[in-house]
Every structure is written in structure tokens, then in C-alpha cells.
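Please keep the sequence and coordinates at hand while reading.

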Amino acid sequence: MNWIPWLLAGWLFFVGIYGVISSRNYVHLVGCLAVVQSSTYVLLLSVGYRQGAGPPIFFHIPPGRAVDPVVQALVLTDIVVGATISALLLALALQVHKVKGTLDPDQLRPLRR
Amino acid sequence: MRRYRRLALFAIAMLGILPCMIGLFAHMPRFGEHPLPYGDAINLNGVRQRHVTNMVTAVNFDYRGVDTLGEEIMLIAATVGAVMLLRGSRGEELSARPGRAPGRPIAWRSTGQVLIARLMAPLILLFGLNIIIHPQLTPGGGFQGGVIVASAALLIWLGDGYRPWRRLMRSRPIEVAEAIGAAIYALCGFAPMVVGAAFLQNVLPLGKTGALISGGLILLINAGVGIAVACGFALLFIEFLQETRAEEEPDPEEREA
């Protein structure tokens, strides 16, 4: 039980990186990058977890023991920014496909002048 | 060949990283028993100091508001980049014909789909606005609510099709609104400096804890973030869906050049 969150974060990281490296399609690559990113969410939220504590929202309960709000704030903004970054990368993929007619990284060569 | 070389490099790199990772995780404190001094300090004092009940909001828009301003600028930079990449020949005009992949049948919208989209769009819009205006009390805020609001608008596209949706979603006003949303945040940062306080210091009256209008500057910043995020995602949706239109015929002169 103690090592499951770290194992999960590490697994997501490795699987995502492997996907990025072995990718044959840029759209798939963007998805793999999102997997790598989600490993950081798992890691951060696991660090902020506290055994038996509730959420850091004290609307019905008096302030006191709760899980860490700092890491939750980090993850929250990261998710939204990550979504726009994915959109930016997908826009790049779209333009690559328009110009080169393929999304396979192996078929593409560096731009020549 | 290049593929195998890449995989071999990956294997070597992972052989290097894996022991470090295992060593690091072995020295982590027990799961659920991390010492969390900053989180504990905020959990203990946040309600008293800022009159908000959601500590995540207090961190995001007050204690670490400068970081969130950076995040928001990142969001806008990514949106602007995507919009600039996609703006071009396709779908700028409302009259643009839908693009067709050869040999693929056109799927017609069913009445049920239109009905459900029309019923759900206003409900989801309301839900998104509800999330945007309640961050000081319960989970929510401009980031989450903004995405929900933009998705509600997207339901019009799903139900009624591209043209009614585009008639509602004009690029120009949405661009201006996004800039205004970001400007609200920046102004909320500089305005306290006029009265001699620090950047982003919460100088407005904090209100009563648990009331809708509480938390002072947090509400205002949050509204700015909500506008910026909703408009940013709406712009992304517009630009991506413009790509589904058929390419316009290039000018003969341009073709010769």
C-alpha cells in the first residue's frame, strides 16, 4: 500500500515516455505527452495526501486537519494549461499534415532551406 | 533503423533513471504521512485570514496569486500560438462549405441529438457560471468553470450544426473578451499598489466567511480567470472546427506566384 502511488506515478511516466519515443503518429505522441504529464499529477496529489484527512474545504467543518491545498492548486492550474498546450501541439500536427501529408515522425526530415 | 536506435537510447536512459527513481521513492516518507508545513499553515489560518472556506482557491488566487498569473499568461500564450497556427485559408467565412473525406458518408444529426444538445446547453452553461462564482466557498473557480462554459457553447455546434454556432461565436469579440479577462487579473495585481499595498495584496473588504461575496480580491480575479479561460477555449474550438471546412479556392494570381 505504501509504494502503490509512487509505482503508479513512475509507471505512467515510463509508459508515456516510451509512447513518445516509439510513436508513429504525432496525434498519438501528444496523447502520450499528456500521460507523462498526468504522472506528475499522481505524484503531487500523493505527496499532499494525508491518512484519514478530508478535503481542504471548511464550509461545513471547522478549519484544521486536511490534505494539502498547495499541491491541489498546482495540479488544478496545470490541468487547464496542459489542455491548451495539447491544443497548441495538435495545431502544429495539423499544419505538418497539411504541408507534408504525413504525421509519422520517421517520414519527416528537418526543414531545408 | 532510426526507430530501433531511438528505442535503444530509451532503454539506456531508463536503465540510468530507474535506479535513481527507486532510490528516491524508497526514501519518501510513508504514504499519507508527509510533513506538510505549508499546507498545514494554510489549513489552520486560511479561513481566519482570507474569509474563504476553500483553501485551494486561497492558495491559487491569493497566497500564490503571482504564480497563477504566470499560469494564466502561459494559457494565453498557448492559445494565441494555436490560433495563429490555424488561422488561414479554411473556414474564415461563415458560408464555407463543410469539408468531405472522399468515400465517407455524411452522418445526419438525429432529432434526439438536437433535442438533448438544446436542453443540455443552457443547463451546462448555468452549471459553469455556478462553478465560476462559488470558488470562495466550495470546489470550483475560473479555471474549471471557464472550461465548462466553453463546452456548453460547443453543444450548440453538436446540436444545431456549424453555422448557427459560428453565428453565435464570433472570433473578434471573444478575442477582446479574453484579453479583458487577462487584464482584470493584471489590474487586480497593480491596483493594490496604488493604495500603497503589495502586488496582488488583498485590500478589498473581506466580507463575512461563508457568504457569496467574501474573500475580497479573490472573487474579482476569479471572474477574470473565468472569462479568459472560457474565451481561450472557445477560440481554440473555433479554430479547430474551422479546419473541418473545405479549403477555399486559392486566387489564380496566388497560384501562379
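In which elements of chain B is confidence lowest and highest? The matter comes first because this is a predicted model. Confidence is lowest in helix 10 of chain B, residues 252–256, where the mean is 54. The highest value, 94, belongs to helix 5 of chain B, residues 111–133. Over the whole of chain B the mean pLDDT is 87, and 95% of the residues reach 70 or more. The model itself scores ipTM 0.86 and pTM 0.88.

Chain A may be taken next. Chain A contains three helices and zero strands, so that its pattern along the sequence, by the definition of these elements, reads α-α-α. For 113 residues, a compact globule would have a radius of gyration near 13 Å, whereas chain A has 19 Å. The box filled by its C-alpha atoms, taken along the principal axes, is roughly 65 × 30 × 20 Å. Of the 113 residues in chain A, 26% are buried. Among contacts in chain A with a separation of 6 or more, 51% are between residues 24 or more positions apart.

Chain B is likewise described by its helices: there are 10, with zero strands, and the pattern along the sequence is α-α-α-α-α-α-α-α-α-α. Its radius of gyration is 24 Å, while a compact globule of 257 residues would have one near 18 Å. The C-alpha trace of chain B spans about 65 × 55 × 45 Å along its principal axes. Buried residues account for 35% of the 257 residues of chain B. When contacts in chain B between residues at least 6 apart in sequence are considered, 73% of them join residues at least 24 apart.

The two chains meet through a contact surface in which 49 residues of chain B touch 41 residues of chain A. On the side of chain B, the elements that contribute two or more residues are helix 1 (2–26), helix 2 (37–50), helix 3 (55–63), helix 4 (65–86), helix 6 and helix 9 (217–242) of chain B. Helix 4 of chain B supplies the largest share, 10 residues. By class, this side of chain B comprises 27 nonpolar, 14 polar and eight charged residues.

Helix 4 of chain B has 22 residues and reaches 32 Å from its first C-alpha to its last, close to the 32 Å expected at 1.5 Å a residue. Its buried residues include L69(B), E72(B), I76(B), T79(B) and V83(B). An α-helix has 3.6 residues a turn, so residues three or four places apart point the same way. Among the elements that cover the buried residues of helix 4 of chain B are helix 3 (69–100) of chain A and helix 3, helix 8 (171–194) and helix 9 of chain B.

Helix 6 of chain B, residues 142–160, also takes part in the side that touches chain A. How many of its 19 residues are buried? The count is 14, and helix 6 of chain B is thus mostly covered. From its first C-alpha to its last, helix 6 of chain B reaches 27 Å, close to the 27 Å expected at 1.5 Å a residue. The residue that follows helix 6 of chain B is G161(B), with a positive phi near 100°.

Methods: Residues are numbered from 1 along each chain as its sequence is written. Chains are lettered from A and ligands numbered from 1 in the order in which they are written. This is a predicted model: local features need pLDDT of at least 70, side-chain atom pairs count only at pLDDT 80 or more; totals for chains, interfaces and linings use all residues. Helices (H or I, at least four residues) and strands (E, at least two) are DSSP runs, numbered from the N terminus. The expected span of a helix is 1.5 Å times one less than its number of residues. A residue is buried if 20 or more other C-beta atoms lie within 10 Å of its own, exposed if 12 or fewer, and partly exposed in between; C-beta atoms are placed from the backbone. Two residues are in contact if their C-beta atoms, placed from the backbone, lie within 7 Å. Ala, Val, Leu, Ile, Met, Phe, Trp, Tyr, Cys and Pro count as nonpolar, Asp, Glu, Lys and Arg as charged, and the others, Gly among them, as polar. pLDDT is the predictor's confidence in each residue, from 0 to 100. The radius of gyration is taken over C-alpha atoms; the globule rule is 2.2 Å times the number of residues to the power 0.38.
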